[in-house]
Amino acid sequence: MVINLYKVQSLFGILQCDVMRSELAWSQPVFILLWDCHEENTVHATYFCLGLLKSSLMMNKLTLILKWPGNMLCDPTEALRSWKQASLSIWGWGGLGVVLFLITFGPFAIFYLAFYILCFIVGGFVVLLLFGKINSEKHLERCEHSYLPSTQMAILKVSEEMKSESKPIKIDRRLTGSSIIDDPLQQVIQFALRDYIQYWYYTLSDDETFLLEIRQTVQNALVEFSTRSKEVDWQPYFTTRLVDDFATHLRVFRKAQERLNERDDPKQRDAPDELLDSFFEAEVEMERKICRDVVCTSRKDEEGYLRDLCEVLLYLLLPPGDFHNKNMRYFLREVLARGVLLPLINQLSDPDYINQFIIWMIHDSSCNYEAFLNILKLTDKAAELEAVKDKVLEELQYLRSLDTGGDDINFIKNQINSLLFVKKVCETRIQRLQSGKEVDTLKLAANFGKLCVIPLEHILVHNIALQFFMDYMQPMGGQAILFFWLTVEGYRVTAQQQLEVLQSSQRDGKKQSSQTTKGLLRAAALGVYDQYLSEKASPRVEVDEASVTRLAQKLNKEDPTPEIFDEIQKKVYDMMLRDERFYPSFKQHPLYVRMLAELDMLKEPSYMGSDHGDGESFNGSPTGSINLSLDDLSSGSVDESAQLHAFISDTADAFLNLLPVAGVCNDHGKTYALYTLTVIRKNSDGSEDIWKTYRRYSDFHDFHMRITEQFESLAPILKLPGKKTFNNMDREFLEKRKKDLNAYLQLLLNPEMVKACPMLLPYIYDFLENKAYSKGKGDFARKVPPLIAKSDIDPEHCRVSAQLDDNVDDNIPLRVMLLLMDEVFDLKERNQWLRRNIKNLLQQLIKATYGDTINRKIVDHVDYMTSPEQVSDYVKRFRDSYWPNGILAETPPRRDKSLRMRTRVAAKTTLLGIMPDELKHIIGAETTRKGILRVFDMFQHQPLNRRLACVFLEGFLETLFPQNRFPELFVKLHSRSPRVLRYSQKLRSLHKR
């Protein structure tokens, strides 16, 4: 190929020649021929450029031919050498041109030139952009008309309808059907829309339709909520579920405290994080599938939990059309979760708010100075003591600044002395906490010589003191002799009463068999002898054999008297009094000091000693009479049992329907007889309680086996009708068995029988209560070991409600009080003897206070709490607290630490001050203080309060929506907790083993 370049005038033209670049890429030889090159510099430059092009393209087939005038050819190498020699002149000319340009136009001409070039470029870019935009719009318009289908008539009509004026939405202001509730509720809705929606919506649009639709949706949800609330019976929730949730929460907190106290490091015991870990570990062990640690400790997870819960509520409360509107649903969900529930939980879980609420609830009670000093001496928070001390110093400064005279000066001096004493108490307690010199029961026990001495005879008749003595005697091997002394004491009282009744009836001429009374007393005496003194007794009371032999001879030959056990009882008492293992060692044991604390007989430490507390004195004297004891349990039980009657009232033919009916019943192909027992209980005030219960013959048989096994002396007296294998459903046989069972019941309920065996009464009540009878083990089960191992689940690892009997409906107040007292004061740690006494005392207290109308009063109070007037009052309080005077309340500033600490001290003092002295006499002063302080400490941890609020909310929703599977939903919502996963893995590993 030959390319002829004629009169090349531009070096850059050669370099930018696209045709030449494409041609040079060919593989064939290329010849470049230049004709009529007259200028020497141009020729040399051309040779130089083509030489560079040849070397850069690596084309060895490029041949350069230069033709001079006169057919002279020039070599490219020489041309390159000539160009280099001429390059100096090129730079010289260039520099001269620049100098001339600056001289002519000035030094600022360079900037003008650059500005003109920039304007040219920008102008060209703008012109190009406008030109492209116009052409693009024309192109898109052509494409739109080409590809899109024609607009339908319906869309045009809809757009016209939207542009036209919308019809006004009518709002029905009726929500609950009660005007006293609807009026404040409408105000709450109006305030909420104003402060949470309108303030930002009006910046976007002036259309009221959206706001009216929001209001209509909220009102629809409230109407549905009101309808469901009216269908719910709230009595079980307030009397059982609410109390169970609180008691279970307290049980978990108590277990967490016990775990912390078992640790050796005191720093771990006082760390709040350690308490939270122990609490939620105990919760997952109790709930098994639920642990609320993530929700209560993470703000993000808590908001997610509330959002999920609110979305479920909106699904249940909103109409389907409103719920499926995602914008509406998400909007209401955020308002409900972040605007209502979250602030409410934040406020209710604040410990300072709870303390203020406690003070407000019981502000009518007068301040107890003794309780205040006890709180200062028992607190383990130095910050509380510092806050009280600062306030005392402030008051002292104020009192000393007063200028008074006359009688006022004496009053002010007394106030100053009291404040100085409080200041000394705070300083001493602070110093002791900082030095770690806590006075425990072991240190007090080392100073037993300075303690008040309680005689043994007083200990044996005082319930609280006797409980500690029982706890001490058990590991010492002396529990048998203590129980023997108590049993004989009860026998003496019962025998005296029975003989007095017999003598009075004989004087009045009434017929009463003396042989029956003496037979029952003999059976009771033989029962005592067999249980504690016979050779088969286990454990046996160790006394001299001569006394035991003489007692056996009296029982065989003479009629039993109240004094028949006096000789052996006196020897047992002397043994407990003089044996170093028993009473003498008990006075030196820490249990004795704890007993004095429960009796409130430990004198407070004297703070007049050294600064380190080494000069404290624990000398004291009883502050209350030790002779103050509880009523004798047996006598109260005897009076009540003497008025109990029961008989079989019906054996008519029937079939087992939804309600148990007496007669011949058929259940899943199995036929059996069902008897109706009518039970009548006459109370001391003349009223009667009548109820019916249903029992099978197998229930009678199991009951008979249980009591005869427990009380062997009753076996010869009580005779149960025998079994019959064939024709046992015959009417005549059933009537005969009915008569025999009636006779068995009358003999069992004979007052003399019950008085002779006081411990038989709980078995009788359990059998006659209106509930499903819980059978014991039969003969075969007693002889054969169980096939399934007994569950290792500790009752402490279950909810409190698991220990309630739901079939018993007539003891709501007793169940509630016992349940709360068990958890608050930890009565389960006491022996069952004391717990039975407390139960009987509570029964007597309830009857003495309210009689038999207590259940009715509770139901009436629940109805009153859910009445329209009260609900209206709740709504008004909510409105006034969130919008005082119609204005959204601002978040109150957090109070300073000193004020919060003083509030804590005031709340504890108020709680401890309202405890009645009767409660301290029943369960002990120290136990009362510990229980109250445990409840108070539980409320001082905000994550735990949030957990309690969530539990209350979940229980409320489960009660409000019983048909919906909320328990399963809560399991799923709390399944994100890692503790639940670890506990599930632990259970699976245990099952594999």
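**Notebook: patches, salt bridges and cysteines**

Two helices, α4 (76-105) and α5 (109-147), each supply at least two residues of a nonpolar patch. I note at the start that the model I am reading is a predicted one.

**Entry: the nonpolar patch**

I looked up the members of this surface patch and found Val98, Phe101, Leu102, Phe105, Phe108, Ile110, Phe111, Tyr112, Phe115 and Tyr116. Together they make about 1100 Å² of nonpolar surface. Which helix gives the most to the patch? I find that α5 does, with five residues. I then picked out phenylalanine 105, which is found in helix α4. Phenylalanine 105 counts as exposed because its relative accessible area is 57%, and the cut-off for exposed is over 50%.

I checked where glutamate 208 sits, and it lies in the loop between α7 (179-201) and α8 (209-230). Glutamate 208 has 37% relative accessibility, so I put it down as partly exposed.

**Entry: salt bridges**

How many salt bridges does a search of the whole structure find? The search gives 45.

Arginine 194 is partly exposed, at 30% relative accessibility.

Then I went to arginine 877 and aspartate 873, which also meet through their side chains in a salt bridge, with 3.0 Å from N to O. Both residues lie in helix α38 (residues 868-882). They are four residues apart, about one turn of the helix. Arginine 877 is exposed, with 52% relative accessibility, whereas aspartate 873 is partly exposed, at 26%.

My last pair was glutamate 281 and arginine 979, a salt bridge in which the closest N and O atoms are 3.1 Å apart. This pair links distant parts of the chain, the two residues being 698 residues apart. Glutamate 281 belongs to helix α11 (residues 272-287), and arginine 979 belongs to helix α44 (residues 978-992). Is arginine 979 buried or exposed? Arginine 979 is buried, because its relative accessible area is 13% and buried means under 20%.

**Entry: cysteines**

I looked for disulfides and the count came to zero. To see why, I followed two cysteines, starting with cysteine 291. The closest cysteine sulfur to that of cysteine 291 is in cysteine 296, 8.5 Å away, which is too far for a bond. A disulfide needs the two sulfur atoms within 2.5 Å.

Which cysteine holds the closest sulfur to that of cysteine 296? I find it in cysteine 950, at 4.9 Å, and this distance is also too far for a bond.

Notes. Residues numbered from 1 in each chain as written. Predicted model: local features only at pLDDT ≥ 70, side-chain atom pairs only at ≥ 80, totals over all residues. Heavy atoms only, no water. Buried < 20%, exposed > 50% of the residue type's maximum accessible area, 1.4 Å probe, protein only. Salt bridge = Lys/Arg side-chain N within 4 Å of Asp/Glu carboxyl O. Patch = residues over 30% accessible without salt bridge, like charges linked within 9 Å, V, L, I, M, F, W, Y side chains within 5 Å. Areas by Shrake-Rupley, 256 points an atom, 1.4 Å probe, with all protein chains shown as cover.
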